[in-house]
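Visitor: I have a structure to look at, and I would like to learn how to read it. Could you take me through it step by step?

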Amino acid sequence: MESLSLAMNGRLCRFKQGQTILEVAKENGISIPTLCHLPGCTPTGACRVCLVEVSGARSLVAACSTPAEKGMLVSTETERVHKTRKLTTEFLLAGGNHNCITCERSGDCALQDLAYRYGLDKLRFEKTPQPHKTEDVNPFIIRDFTRCILCGRCVQACQDVQVNRAISFGYRGPHAKIIAGADVRYDESDCVFCGQCVEECPVGALVEKKSKFLGRVRDVEQVRTTCPYCGVGCQLTLHVKDGKIIKVTAAENGSPNKGRLCVKGRFGYDFIYSKERLRNPLIRENGEFREASWDEAITLVADKFKEIIAKHGPDAVAGVSCARSINEDSYQMQKLFRAVFGTNNIDHCART
């Protein structure tokens, strides 16, 4: 296969046929800022922040949507490029309520990073009035349209990544917004509250309602773990502050979910702190429950199984494996019943 290469900022960069300038830059450690680009989805070139200069081109081109070509001369840090990115950032800041003081994404906001990078401590343009009110009626997600930059990442996350197709672009011009269904509330639409839109929002337009004001990115520790809700084994990132989980996101490169989660995995962590949660084994005696050690409880269960099998035979017992167990536990469960107890009376609650 013919070797393909281009020059980027004076460096020789090799690439594969079909790659974009942005992909080539990332593979070669060259930073090109972007707001709308969502890896794995069709590039839109909507935000115009990733513009670069290509020798021979009359205008700047979007690195996320422009295919790399053999012999191309690309410059990502020219004065013309920086002036354009700075102007674009100014327009975006003027187009909404981007007050970082009370924003949940402060310290973890792509637009804030751009404003800081280009030293935008004051705006030359008047702020555009926002016609759409914040939506705060569902239990999971706050939609603040005054902070939305219409990058389209949430739409791609919903339609192309999760394939729920619950949200899309609506209206035109200054009235443009991201709509759910025929512009209804999230809880009245086809939204399943997987939260993928929140995960991909680069600014503070979409926020987890339960975690608001509980801790910013600099305050939390991130812990990798496995979702407990089923046997798929989705990888989670727990955001922990003062020993308590305040938010859950998907592990971007974790298998098998690859940055995706369902509503239970992302928002269903409250049970951990339930006062009704069992913390020790309980044994019933004279109609009352008493706490017991694990050794005592396991011994009691084993003795009861032996007693029943000895009296009525192995087919007198049956087991149901829980869908919240990992696959290895379900395998061991059926081995226990088939190989140890001697019965095929074993089932799985997800089978039906």
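Visitor: What should I know about the model itself?

Guide: This is a predicted model, where local features need pLDDT of at least 70, side-chain atom pairs count only at pLDDT 80 or more, and totals for chains, interfaces and linings use all residues. Residues are numbered from 1 along each chain as its sequence is written, and side-chain values use heavy atoms, leaving out hydrogens and water.

Visitor: Is Cys-201 buried or exposed?

Guide: Buried means under 20% relative accessible area, exposed means over 50%, and partly exposed lies in between (1.4 Å probe, protein chains only). Cys-201 has 7% relative accessibility, so it counts as buried.

Visitor: Which residues have the most contacts inside the largest nonpolar core?

Guide: Here is the general idea: in soluble globular proteins, nonpolar side chains tend to be buried together. A nonpolar core is a set of buried Ala, Val, Leu, Ile, Met, Phe, Trp, Tyr and Cys residues joined through side-chain atoms within 4.5 Å. The largest one here has 32 residues, and Leu-35, Leu-111, Ile-141, Ile-167, Tyr-186, Cys-197 and Leu-206 have the most contacts inside it. A second, separate core has 24 residues, including Phe-15 and Val-52.

Visitor: What is Leu-111 in contact with?

Guide: Contact means heavy atoms within 4.5 Å. Setting aside neighbours within four places in sequence, the partners of Leu-111 include Leu-35, Leu-92, Ile-149 and Val-203.

Visitor: What can I find around β3?

Guide: Strand β3 (residues 51–54) runs antiparallel to β4, and two bridges join them; Val-52 has Val-61 as its bridge partner in β4. The hairpin of β3 and β4 has six residues between the strands, and Gly-56 takes a positive phi near 95° there. Two bridges also join β3 to β5, again antiparallel, with Glu-53 opposite Ser-75 in β5.

Visitor: Where does the other open sheet have its edges?

Guide: That sheet has three strands in the order β10-β11-β12, with antiparallel pairing. Its edge strands are β10 (221–226) and β12 (244–250), each pairing on one side only. Six bridges link β10 with β11 (residues 235–241), and Arg-224 has Thr-237 as its bridge partner in β11.

Visitor: And how do I check the span of a helix?

Guide: The expected span is 1.5 Å times one less than the number of residues. Helix α7 (residues 294–312) has 19 residues and reaches 27 Å from its first C-alpha to its last, close to the expected 27 Å. Gly-313 follows α7 and has a positive phi, near 95°.

Note on methods
Pairing = 2+ DSSP bridges. Helix = DSSP H or I, 4+ residues; strand = E, 2+ residues; numbered from the N terminus.
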